[in-house]
Amino acid sequence: SGQTDSLIAYYPFNGNCNDTIGNHHGTPNLHGISYTEGINNSSNSALKISELDSGYVNLGNDSAFQFKNEGQYTLSLWLKMANSSSYRAILVKAAEYDSWDYGIIANSGRPYTGKGNMDLYASSYINDGEWHHLVASYNNGHHKLYVNGVLEVDEIDRSINESSGNLILGLKGDALTNNYDGDVDELKIFKKALDSSDIAKLYS
């Protein structure tokens, strides 16, 4: 299936930030990172990012993460975030604040995807302290964002940016701001835009 042959990085966060299928190990900040119960209720099986202590995980700028405007990708993760009325960068690649490349951000609890100056908002709110599944996919201008398995963003003739910026979990890339605060589990990055049946499998 598309899930197995296009998966380029997988972070289960079982007590570390390692990529278990490849070499794209995350570098956690020295502070603000701990491990907690994940979606399977096992201890030390999910990442806890503390905004207060500037927690984040730098996934780097490997060529595998340098997606092209005419290319494809899928970003999939589970998260649990508390009530927040500010911008929270969940997973963002950026060299600078206003022209981020791609990723997922939440604003007052509403997730969006897109790129710098092109925010494509979902309709659901996820800042309720419960686990939620987010998937952002992209295929040569076609952005999609799924919340808990439901397609909420479906925009064609769009684009992404390409830069030398790092892909960072919990910050707006190298802009190092919009700190995330909450838990993350089961981060998967694919080099293809998965179809709806594969995305349903990720959610189940």
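Let's start with Asp157, which is exposed, with a relative accessible area of 73%. By exposed I mean over 50%, by buried under 20%, and by partly exposed anything in between, using a 1.4 Å probe and protein chains only. Before I go on, a word on the source: this is a predicted model, where local features need pLDDT of at least 70 and side-chain atom pairs count only at pLDDT 80 or more, while totals for chains, interfaces and linings use all residues. Residues are numbered from 1 along each chain as its sequence is written, and side-chain values use heavy atoms, with hydrogens and water left out.

Back to Asp157. Its phi is positive, about 55°, although the residue is not a glycine. And where does Asp157 lie? In the loop between strand E13 (150–155) and E14. When I say strand, I mean a DSSP run of at least two residues, E, and a helix is a run of at least four, H or I, all numbered from the N terminus.

Asn117 has a positive phi too, near 60°, and again we're not talking about a glycine. You'll find Asn117 in the loop between E9 and E10. With 72% relative accessibility, Asn117 counts as exposed.

Okay, the overall picture. The protein chain has two helices and 15 strands. Its C-alpha trace spans about 40 × 35 × 35 Å along the principal axes. For 204 residues, a compact globule would have a radius of gyration near 17 Å, and the chain's 15 Å agrees with that. That radius is taken over C-alpha atoms, and the globule rule is 2.2 Å times the number of residues to the power 0.38. Of the contacts with a separation of 6 or more, 62% are between residues 24 or more positions apart; a contact here is heavy atoms within 4.5 Å.

Now the sheet. Seven strands make an open sheet, in the order E2-E5-E14-E7-E8-E9-E10, with antiparallel pairing. Which strands stand at the edges? Strand E2 (27–28) and strand E10 (118–121): each has a single partner strand, so one side of each is left without a neighbour in the sheet. To count as a pair, two strands need at least two bridges found by DSSP.

Walk along from E2. Two bridges join E2 to strand E5 (residues 57–60), running antiparallel, and Pro28 stands opposite Val57 in E5. E5 then pairs with E14 over three bridges, also in the antiparallel sense. Val57 turns up again there, with Leu169 as its bridge partner in E14. Further along the order, strand E8 (residues 102–107) is joined to strand E9 (residues 110–115) by three bridges, antiparallel, and Asn107 stands opposite Arg110 in E9.

Next, the hairpins. E11 and strand E12 (residues 142–147) pair antiparallel over six bridges, with Leu134 facing its bridge partner Val147 in E12. Two residues sit between E11 and E12 in this hairpin, and Asn140 in the turn has a positive phi of about 50°. E12 goes on to E13 with five bridges, antiparallel, and Lys144 stands opposite Asp154 in E13. That's a hairpin with two residues between the strands as well, where Asn148 in the turn has a positive phi of about 50°.

Staying with E11 (residues 131–139), Tyr138 lies in that strand. Buried or exposed, what is Tyr138? Buried, with a relative accessible area of 0%. Leaving out residues up to four places away in sequence, Tyr138 touches a list of residues including Lys68, Tyr73, His143, Arg158 and Ala193.

Last one: Thr177, in the loop between strand E14 (166–169) and strand E15 (182–190). Thr177 counts as partly exposed, at 27% relative accessibility. Setting aside neighbours within four places, Thr177 is in contact with Ala89, Tyr97, Leu171 and Lys172. Thr177 and Tyr97 are 80 residues apart along the chain, with 8.1 Å between their C-alpha atoms. I'll stop there.
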